[in-house]
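Hi everyone, thanks for making time for this.

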Amino acid sequence: MQALEGTTADSKVNFSSVSDIVLALQNVLARSQVLIPDLETPYSQVTPPNTNCIAIELKDQTAISTIIVERHQQLDAILHDISGLDTVMDGIKDIRQRLVKQKDKIVQSMTLHKRLASALWRLPPEILSHIFMYCLPEEQYLSPASSLAPMLLTRICRRWTDVAMCTPGLWCKLFMDVDYSDWQLTAFGCNSWLKRSRQYPLSLAVKCVAKDITYQRILLQPYLNQISSLFAYFPLYCTDTPFMLTELVALRELVIHNLDHKPALVQWISRLPPSLRSLKMTGLSFNFEQLFSSNPTWFHLTNVHARILKEGEVLLLLHLCPNLSSLTARIRPERPGRQTFMPYTHTKLQSFRITAPRTPDHSVSRLMKALLLPDLRVLEAINVTPWPHNEFKGFMARSRCPLETLIFGAGVTIKNDQRAEYIALIPSLEVVVDPELPNCHDLLILQYIKYSSYHLV
């Protein structure tokens with residue numbers, strides 16, 4: 001094309017190809033290389049006010065007028081080149097935008113055809129669904145964050161979205177610390193998540209807030225018979241619950257973290273469903289004498305984690321739970337005059353984790369004298385001061401248990417010769433001394449703090 005000839009500053013030139021741009025730019029460059037005449041004149045050094053100005057103007061008026069006309073012509077030429085260059089630059093921007101769009105379309109087409117040739121694209125939905133299950137975070141309760149699976153899996157492509165939505169196992173875990181200020185959005189988000197579970201067992205963590213109990217009851221009612229694992233957090237001043245435990249007919253694991261000791265909460269916990277097998281309680285201590293009722297569910301429990309138990313309550317708990325295989329308890333001493341216990345044998349307890357008061361106490365020593373645990377495999381002790389070495393040796397000798405691991409955490413001191421005596425009794429015994437080992441109660445609280453940072457969005 002005859003690039004830019006006859007164009008003005010306000011004119012538009014449509015470039016159809018890169019070659020048009022190159023030709024136009026070459027024309028501009030060629031004109032810009034023409035030597036501009038020297039702008040110096042005999043009058044360049046005269047600056048008003050000057051005593052000779054009047055004389056100069058009268059004598060050389062014609063010459064000065066000629067110079068001005070010439071400068072106008074030179075200025076017009078420069079402005080024309082600038083306008084032409086601006087036009088070329090606008091054309092470059094326009095063509096670049098078109099090229100970028102074309103590049104994106106090419107990449108999209110190439111990606112699509114690569115998918116068609118990829119083995120992953122040809123995987124049956126059943127295999128892809130199984131792979132998706134390995135993408136889930138290793139958490140018991142999942143965050144609904146869009147940057148984490150399973151929500152992340154729905155943002156890759158249409159096929160992945162369809163497969164993820166039709167994989168119930170991806171939607172069976174949820175932490176529901178939600179903002180009920182926008183109830184419609186919250187209800188839609190929770191229902192959309194939980195409906196995808198399609199009657200699979202659910203693991204839910206629920207924060208029970210007094211002002212939102214009605215909303216929680218409405219939200220959870222359709223899914224009560226699916227809940228198999230529940231983490232219930234009761235903050236201060238919460239005296240109501242969104243449902244009765246007896247309504248959770250499929251519940252097998254219950255974790256309770258309470259910050260307020262209310263009789264209504266104790267009554268709620270005492271009504272354990274028959275299906276329950278694991279019970280963990282942290283936060284403030286409960287009145288366990290009220291909890292230990294005639295409820296037959298205690299008979300079926302296999303795992304109990306209790307925040308604070310008196311020595312007698314430990315023995316009562318073991319008596320009520322003959323099928324218990326794991327017990328974690330923080331011990332507090334009995335009142336004076338109530339420190340003699342009848343010997344008791346529990347034949348199924350395999351794991352016993354004890355946290356004692358930080359001050360010197362003999363609670364564990366008295367328990368060692370009263371208990372026989374013939375199937376014990378793991379014993380963990382934290383803050384047991386002083387460590388009842390002789391009582392423990394007697395306990396091992398009477399129980400004749402196949403103890404595999406003996407763990408001493410923070411606050412427990414044993415000597416090398418004591419360790420040697422234990423190994424002499426059971427040569428295969430592993431003795432672990434770890435002063436940094438946190439107690440299990442703190443781990444449960446940290447678990448809640450982590451989950452409470454999740455919000456349904």
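Let's start with a hole. The largest cavity is lined by Phe352, Ile354, Leu367, Met368, Leu371, Leu373, Leu379 and Phe395. Helices (H or I, at least four residues) and strands (E, at least two) are DSSP runs, numbered from the N terminus.

Before I go on, a word on provenance: this is a predicted model, where local features need pLDDT of at least 70 and side-chain atom pairs count only at pLDDT 80 or more, while totals for chains, interfaces and linings use all residues. Residues are numbered from 1 along each chain as its sequence is written, and side-chain values use heavy atoms, with hydrogens and water left out.

Back to the cavity. Its volume is about 50 Å³, and the count of cavities of 30 Å³ or more comes to two. Grid points are joined across faces, edges and corners, and a volume is the space filled by probe spheres set on the points. What classes of residue form the lining of the largest cavity? Eight are nonpolar, with no polar and no charged residues. Here Ala, Val, Leu, Ile, Met, Phe, Trp, Tyr, Cys and Pro count as nonpolar, Asp, Glu, Lys and Arg as charged, and the others, Gly among them, as polar.

Now the packing. The largest nonpolar core has 89 residues, and those with the most contacts inside it are Leu327, Phe352, Leu379, Trp387 and Phe392. A nonpolar core is a set of buried Ala, Val, Leu, Ile, Met, Phe, Trp, Tyr and Cys residues joined through side-chain atoms within 4.5 Å. Buried means under 20% relative accessible area, exposed over 50%, and partly exposed in between, using a 1.4 Å probe and protein chains only. A second, separate core of five residues includes Tyr141, Phe175, Ala205 and Val255. As general background, nonpolar side chains in soluble globular proteins tend to be buried together.

Leaving aside neighbours within four places in sequence, Leu379 contacts Phe352, Ile354, Met368, Trp387, Phe392, Leu403, Thr405, Leu406 and Ile407. Contact means heavy atoms within 4.5 Å. Leu379 is also one of the residues lining the largest cavity.

Zooming out, the chain has 15 helices and 13 strands. Of its 457 residues, 42% are buried. Among contacts with a separation of 6 or more, 70% are between residues 24 or more positions apart.

Next, the loop between helix H6, 183-195, and strand E2, 202-207, where Pro201 lies. Pro201 touches Cys172, Gln226 and Ser228, not counting residues up to four places away in sequence. Cys172 is buried, at 8% relative accessibility. In that H6 to E2 loop we also find Arg198 and Gln199. Arg198 is not a glycine, yet has a positive phi of about 50 degrees; Gln199, also not a glycine, has one of about 70 degrees. Are they buried or exposed? Arg198 is partly exposed at 48%, whereas Gln199 is exposed at 59%.

If you check omegas, look at two prolines. Ala149 and Pro150 are joined by a cis peptide bond with omega about 10 degrees, and Pro150 sits in the loop between helix H4, 125-133, and helix H5, 158-165. The bond from Thr385 to Pro386 is cis too, with omega near -10 degrees; Pro386 is in the loop between strand E11, 378-382, and helix H13, 389-399.

My last stop is Ile426, in the loop between helix H14, 416-425, and strand E13, 430-433. Ile426 is buried, with a relative accessible area of 14%. Outside four places in sequence, Ile426 is in contact with Met396, Cys401 and Leu403. The C-alpha atoms of Ile426 and Cys401 are separated by 9.4 Å, with the two residues 25 apart along the chain.

And the cysteines? A search of the whole structure finds zero disulfides, meaning pairs of cysteine sulfur atoms within 2.5 Å. Thanks, everyone!

Definitions and conventions:
On a 1 Å grid over the protein atoms alone, a cavity is a set of points where a 1.4 Å probe fits but cannot get out, and a pocket is an open set with protein on both sides within 12 Å along at least five of seven lines; lining residues have an atom within 4 Å of a point.
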